[in-house]
Amino acid sequence: LFSSIDVAISPMLAGCQTKLLAKDGIYLHQAPRDVTRGFMGPGNRADWLISCPPGTWQLESKKKEGQALKFHCEAPLVTIVAVDRNDVACELPTFSVARPCYVVDLRQAVPTNSLNWVLGPTPFINGNVFSAGEHEHAAEISLGQVVDMEVSGVDEHPFHIHVNPFQLTEALSDSYEGYFQAGDWHDTIFTPGAAMRGRLNVDAFAGEMVVHCHFLAHEDFGMMHLINVVGQEGTHFAKAKEIDSTCYWDDEDFGEPKILQPGEIKSTCGAQACCSAVATEADSSDDSPSSPAPVEKKASNDVNSNRMEYLLLALVWLAIPGTILVVGLSVLAKRQVVRWLHSPPKPLRYSTASSTRKPQNSSATRAPPSKSDCRQAPDRQPLNSSRRSDSPACRSKRACDGKPGGASPQCERQCQLATITDTSFAPSTNASVPPARCQEDTLERGVVPYIDTTSCQHL
């Protein structure tokens, strides 16, 4: 349970069994403790065990009959539904845990310092109001000291201290049906009575330690004070091990909880579940149905069964993404095969290094094509030219025609090659196939009719 509002609550669960394990995160010296209700101020925490008969039950905040309390809230908190599963509730053992040495039982320690706190009226603590600019320390305490504290006004102002918790050394005037007992540890306390006495172990951490009212509005008004803690960082209470030899520091191992009073265990009485006392060493060989051996075996079987269920569940969850992955890869592979089967064939390229091609300087058996045949080929322009007059064929033709006395045979041959190359390389949307003689002559002379997307080339 956690009280997070600026009033007190008195949680109770009528009709159910309730036990208290810890307050403000610190185990009781003997746990669990039977309680009927609690009393919690702002910021208090409590660990409860509950056991309810089958049915619906209401956890509610409700003060004791005829009690007048300030800053108290009465309201339903939680609805609990208990289900009958043919189980039995056995008596729990009473135990004590191994404790850190800074929370040993300080009732056996000798205090070396003392503090008095008077809370109120708002916003005063010890008659002072805190100022962020200039403030005085309420006290200066050395690390490793045990400090005796007396606090008054805790029935109207919840008392909260940072860093180090404190222990109740005396019973309160109103224990609230056993909820408050001497020896309990708190870091916040709000009680039906007006005063409390406790002890504080100033441990390990030096610097300023804050004390304030845990009504946040009162704190904002300046109901706060500081304690200056001095000494070597990491200093502990030197006599902690003398009080409790089983306590441990941060760098030490701790032992198992100590059973103070044995409880009961689940067993089998005939065909029904029942509770039986824990077997001692004297009767550990007893084979009666109430002995703990069958219970341990049953618990072991239950654990194995649960492990198998978890394993099967894990396999199912692994199979789902695995199936999705396989299906996805299959679809991708199918698409790739279909794309490969229906892809268009690549254009054929003619090789220029034909072994049967005649050398260029050999005499041809066939007469070279005439100019008129080659010029009858469709008008094709090179890819990098927008005008017919800029083509290489026209430039070669003008060069040959401009010579005196007409074109020489060598120049005429160059003009034919330029014309064939120009008409064979440049694509056109309305072009037809060139004359056969020009194609044959092109292949005969080693010119490849290959279209390049950047320019026409002479191969």
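Which hand does the disulfide of Cys101 and Cys247 have, left or right? The torsion about its S-S bond is about 85 degrees, so this disulfide is right-handed. The model is predicted.

**The disulfides**

The structure holds four disulfides. Three of them are set out here with their S to S distances and torsions.

| Pair | S to S distance | S-S torsion | Hand |
|---|---|---|---|
| Cys90 and Cys275 | 2.0 Å | about -90 degrees | left-handed |
| Cys101 and Cys247 | 2.1 Å | about 85 degrees | right-handed |
| Cys269 and Cys274 | 1.7 Å | 70 degrees | right-handed |

Take Cys101 and Cys247 again. Cys101 lies in the loop between S8 and S9. Cys247 lies in the loop between helix H2 (240-243) and strand S19 (258-261). The pair therefore ties together parts that are 146 residues apart in sequence. Cys101 has 0% relative accessibility and counts as buried. Cys247, at 3%, counts as buried too.

Now the link of Cys90 and Cys275. The torsion is about -90 degrees, so this disulfide is left-handed. It links distant parts of the chain, 185 residues apart. Cys90 sits in the loop between S7 and strand S8 (94-96), and Cys275 in strand S21 (residues 272-277). Why does Cys90 count as buried? Its relative accessible area is 18%, and buried means under 20%. Cys275 has 27% relative accessibility, so it counts as partly exposed.

Cys269 and Cys274 are also joined by a disulfide. Cys269 is partly exposed at 41% relative accessibility, whereas Cys274 is buried at 13%.

Cys73 is partly exposed, with a relative accessible area of 25%. Cys213 is buried, at 0%.

**The sheet and its strands**

In what order do the five strands of the open sheet run? The order is S9-S11-S16-S13-S14, and the pairing is mixed. Strand S9 (113-118) and strand S14 (185-186) are the edges, each pairing on one side only. Within the sheet, strand S11 (residues 146-152) pairs with strand S16 (residues 195-201). This pairing is antiparallel and spans seven bridges. Val147 stands opposite Leu200 in S16.

Another pairing joins S10 to strand S18 (residues 224-230). Here the sense is parallel, over four bridges. Ala139 stands opposite Ile227 in S18. Strand S10 (residues 139-142) has two faces. Ala139 and Ile141 form the covered face, while Glu140 and Ser142 form the uncovered one.

**Pocket and cavity**

Rolling a probe the size of a water molecule over the atoms shows where empty space is left.

The largest pocket holds about 560 Å³ of space. Its lining has 20 residues, and Ile50, Ser51, Cys52, Val88 and Ala89 are the closest to its centre. Strand S2 (17-23), strand S5 (46-51) and strand S7 (75-82) each supply at least two lining residues. S5 gives the largest share, three residues. By class, the pocket lining divides into 12 nonpolar, two polar and six charged residues.

How many cavities of 30 Å³ or more does a search of the whole structure find? The search finds one. The largest cavity has a volume of about 30 Å³. Among the residues that line it are Lys23, Asp24, Phe39, Met40 and His186. The cavity lining has four nonpolar, two polar and three charged residues.

Notes: Residues numbered from 1 in each chain as written. Predicted model: local features only at pLDDT ≥ 70, side-chain atom pairs only at ≥ 80, totals over all residues. Heavy atoms only, no water. 1 Å grid on protein atoms, 1.4 Å probe; cavity = no way out; pocket = protein on both sides within 12 Å on 5 of 7 lines; lining within 4 Å. Points joined across faces, edges and corners; volume = space filled by probe spheres on them. Nonpolar A, V, L, I, M, F, W, Y, C, P; charged D, E, K, R; others polar. Pairing = 2+ DSSP bridges. Buried < 20%, exposed > 50% of the residue type's maximum accessible area, 1.4 Å probe, protein only. Disulfide = S-S within 2.5 Å.
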